[in-house]
Amino acid sequence: MFSRGVAVVAEDPTTSVSGVDLDVELDARSFGPESGSVALTSLTHDLDGDGIFDTYVRADGDGTVIATDLDGDGDADRVTFLDASGEYDAWEFRVDDDGNPTWDRIDDGLLGDS
Ligand SMILES: [Ca+2]
Ligand SMILES: [Ca+2]
């Protein structure tokens, strides 16, 4: 019994160390400097027009998430959250002097607000 040759590994995406489940982790309410690197596995848009997909976009009832891999290493370098009311948060990934991955908030505000 149980010898079908298929290893079934129960993996909880919220505790995954390598790579982050986008649907779980890219949430404007929980995202922050400590969120760590965000692996982009399903790129859907070519933002800079070089013919290579570099950006993941997810839109749902809560708003839109735009994650871009600028240097092509598979991890997001910039993430923008846009909620249904037009408020947005933009974050940029960097590695600090101690080698720790961190996200800096580079912009936030309200679309259409001048
Ligand atoms: Ca591109
Ligand atoms: Ca990158």
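## Model and confidence

pLDDT is the predictor's confidence in each residue, from 0 to 100. This is a predicted model, in which local features need pLDDT of at least 70 and side-chain atom pairs count only at pLDDT 80 or more, while totals for chains, interfaces and linings use all residues. Residues are numbered from 1 along each chain as its sequence is written, and chains are lettered from A and ligands numbered from 1 in the order in which they are written.

The protein has a mean pLDDT of 83, with 77% of its residues at 70 or more. Helices (H or I, at least four residues) and strands (E, at least two) are DSSP runs, numbered from the N terminus. Confidence is lowest in helix α1 (residues 22-25), where the mean is 53, and highest in β5, at 96. Over residues 7-21 pLDDT stays under 50, and the model has 10 contacts beyond four places in sequence for this stretch; a contact means that the C-beta atoms of two residues, placed from the backbone, lie within 7 Å. Where pLDDT is low, the predicted coordinates should not be read in detail.

## Overall layout

The protein contains 1 helix and 5 strands, and along the sequence they follow the pattern α-β-β-β-β-β. The 5 strands form an open sheet with antiparallel pairing, in the order β1-β2-β3-β4-β5. Two strands count as paired if DSSP finds at least two bridges between them. β1 (55-60) and β5 stand at the edges with a single partner strand each, so one side of each has no neighbour in the sheet. From one strand to the next, the twist averages 15 degrees, taken from axes that are lines fitted to C-alpha atoms, with angles running from 0 to 180 degrees between N-to-C directions.

Among contacts between residues at least 6 apart in sequence, 26% join residues at least 24 apart.

## Strand pairs and turns

β2 and β3 run antiparallel and are joined by 6 bridges. Across this pair, Val 65 stands opposite Phe 81 in β3, and Ile 66 has Thr 80 in β3 as its bridge partner. Thr 80 also stands opposite Ala 90 in β4. β3 and β4 run antiparallel as well, joined by 5 bridges. They form a hairpin with 3 residues between them, and Gly 86 in the turn has a positive phi of about 100 degrees.

Strand β4 (residues 87-95) pairs with β5 in the antiparallel sense over 9 bridges; here Tyr 88 stands opposite Gly 109 in β5. This pair is also a hairpin, with 5 residues between the strands, and Gly 99 in its turn has a positive phi of about 85 degrees.

## Burial and core

A residue is buried if 20 or more other C-beta atoms lie within 10 Å of its own, exposed if 12 or fewer, and partly exposed in between. Of the 114 residues of the protein, 18% count as buried. Strand β5 (residues 101-110) is hardly covered, with 1 buried residue among its 10.

A nonpolar core is a set of buried Ala, Val, Leu, Ile, Met, Phe, Trp, Tyr and Cys residues joined through C-beta atoms within 7 Å. The largest one has 13 residues, and those with the most contacts inside it include Leu 26, Val 38, Val 65 and Ala 76. β2 (63-68), β3 (78-83) and β4 are the elements that give two or more residues to this core, and β2 gives the most, with 3 residues. Leaving out residues up to four places away in sequence, Ala 76 touches Val 38, Leu 40, Ala 67, Thr 68, Asp 69 and Phe 93.
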